[in-house]
Amino acid sequence: MQKGTDTVKRGHAQMLKGGVIMDVVTPDHARIAEDAGACAVMALERVPADIRAHGGVARMSDPGLIAQIMESVSIPVMAKCRIGHFVEAQILEALGVDYIDESEVLTPADEQNHIDKWPFKVPFVCGCRNLGEALRRIGEGAAMIRTKGEAGTGDVVEAVRHARAVIGEIKRLTTMRADELMAYAKEIGAPYELVRETAELGRLPVVNFAAGGVATPADAAMMMQLGMDGVFVGSGIFKSGNPAKRAKAIVEAVTHYDNAQILAEVSKGLGEPMVGIGVTELPESARLAVRGW
Amino acid sequence: MKVGVLALQGDFQEHEQALGKIGVAAVEVRLPERLEGLDGLIIPGGESTTVGKLATTFKLIDPLKEFAKTTPVWGTCGGLVFMAKDVGFDQPVLGVLDMVVERNAFGRQVDSFEEDLDIKGIEGGPFHGVFIRAPEVKQVGPTVEILCRIQDGRIVAVRNGHLFATAFHPELTDDLRLHHYFIEIVAEKSRSI
């Protein structure tokens with residue numbers, strides 16, 4: 001019996017495909033998410049919109065809160081640690097969370113290095129804005145990737161930009177001759193072996209979810225049609241008028257992402273979406289997606 | 001031969017790819033009408049609560065129960081849970097396989113594991129089992145055959161006639177023997193009609 005292998009770490013993300021992972025801050029939220037059909041929850045003290053509003057240093061959540069959320073649902077529970085903060089990650093592993101998100105939504109603890117994720121038994125998901133960043137994270141041991149988008153805004157534009165960047169670069173990669181791959185690896189700052197593997201597969205070697213700004217069933221379905229494997233929804237659910245109904249609608253939209261009839265049906269009467277912030281109004285210093293190296 | 005893969009949530013693409021490698025075209029099933037004309041169905045791994053809820057909303061529960069009365073079905077991991085009669089949780093299940101199942105019986109993700117398995121009816125050496133937050137079959141009805149136990153004795157593969165279920169994920173390996181095994185069940189059933 002071998003535990004913590006690459007296959008079971010990456011494989012867990014494969015079981016989440018076609019699903020929605022929801023940010024929750026209380027056990028009640030977690031139960032609402034589970035009842036709505038979430039395939040996992042992300043346990044947090046504050047959703048990204050509140051992290052933005054609150055300011056200051058955003059850290060790993062209280063382990064007591066995460067443990068309560070783990071006890072309240074039967075679906076997988078993820079939790080966030082700061083970029084580079086390997087001790088927060090050790091604590092989350094000791095707690096028994098099912099996935100760790102090394103996340104730009106929290107204040108980075110290291111401005112040069114991400115966590116060496118290989119020695120951990122618990123799998124990691126990391127954010128990316130482009131293929132180079134995705135492959136660097138996989139090179140460090142990430143078992144799942146999410147495109148970053150711009151968390152806590154309710155504006156899907158960055159999620160689209162990052163998803164298109166990753167998919168577009170992979171497409172380009174698949175048209176290259178073998179002798180062009182090393183130069184390309186150098187150009188995007190990615191490990192050569194992973195560049196070659198991605199070119200052969202025609203996709204990332206791990207599951208790739210969309211994140212950061214998804215607020216409606218249409219947003220979620222759009223990310224799926226662009227070729228993402230599933231969707232993270234952060235502030236979009238519990239900052240909206242009717243979280244239970246919206247959560248269920250987004251789950252249904254991800255399953256039936258290419259059926260416009262069903263998308264129309266599930267999008268009806270969801271109440272107020274989260275208010276949101278246009279990303280173009282955000283100064284560079286307030287953007288979370290630029291964190292990560 | 002037409003085999004469906006329940007595509008509500010989970011690793012249905014991995015099953016489609018495995019079927020493709022053995023020359024069987026797969027049909028993605030998200031709505032009841034897609035079950036028509038299928039000779040068999042795979043219920044993939046995924047979150048069984050998510051799949052159960054989506055199956056309820058899109059009115060698949062009764063059609064799937066009806067389908068499973070006569071047509072071969074194979075559930076892997078979450079699919080095994082979804083087929084079980086009793087899972088000890090308040091969640092929608094098909095209840096077509098007479099067994100008691102415990103979800104996440106081996107623990108959380110850090111306890112997910114790999115182990116080589118001897119499976120009854122599978123020739124050619126051990127089958128590499130990938131178990132992810134896997135369920136365990138605690139008890140089976142009188143007509144259900146136990147095909148595999150892991151080293152500590154726990155039941156991880158069962159069959160009742162045309163219904164087949166595994167707690168692990170053959171679709172995450174390159175070993176296609178269990179997909180062949182299921183297709184053989186489908187072929188046998190088609191011949192007998």
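1. In which order do the 8 strands of the open sheet in chain A lie? The order is β8-β7-β6-β5-β4-β3-β2-β9, and the pairing is parallel. Strands here are DSSP runs of E with at least two residues, helices are runs of H or I with at least four residues, and both are numbered from the N terminus. Two strands pair if DSSP finds at least two bridges between them.

2. This is a predicted model, in which local features need pLDDT of at least 70 and side-chain atom pairs count only at pLDDT 80 or more, while totals for chains, interfaces and linings use all residues. Residues are numbered from 1 along each chain as its sequence is written, chains are lettered from A and ligands numbered from 1 in the order in which they are written, and side-chain values use heavy atoms, with hydrogens and water left out.

3. At the edges of the chain A sheet stand β8 (207–209) and β9 (231–233), each of which pairs on one side only. Neighbouring strands are turned by 30 degrees against each other on average, direction ignored. Within the sheet, strand β2 (residues 20–24) and strand β3 (residues 40–43) of chain A run parallel and are joined by 4 bridges; V24(A) stands opposite A43(A) in β3(A).

4. Helix α6 (residues 131–139) of chain A packs on this sheet, touching β6 (124–128) and β7 (144–147) of chain A. Contact means heavy atoms within 4.5 Å. The direction of the helix makes about 160 degrees with that of β6(A); axes are lines fitted to C-alpha atoms, for helices over the stretch in contact, and angles run from 0 to 180 degrees between N-to-C directions.

5. Over all chains, a search of the whole structure finds 10 aromatic pairs. One of them is W74(B) with F164(B): the ring centres are 5.2 Å apart and the planes at 25 degrees, so the pair is stacked. Rings of Phe, Tyr and Trp (its six-membered ring) pair if their centres lie within 6.5 Å; planes under 30 degrees apart count as stacked, over 60 as edge-to-face and the rest as tilted. Because W74(B) lies in strand β4 (residues 73–76) and F164(B) in strand β12 (residues 163–166) of chain B, the pair ties together parts that are 90 residues apart in sequence. Both W74(B) and F164(B) are buried, that is, under 20% relative accessible area (1.4 Å probe, protein chains only).

6. F131(B) and F168(B) have ring centres 5.4 Å apart and planes at 50 degrees, so this pair is tilted. F106(B), F113(B), F127(B), F131(B) and F168(B) form one aromatic cluster.

Methods: Buried means under 20% relative accessible area, exposed over 50%, partly exposed in between (1.4 Å probe, protein chains only).
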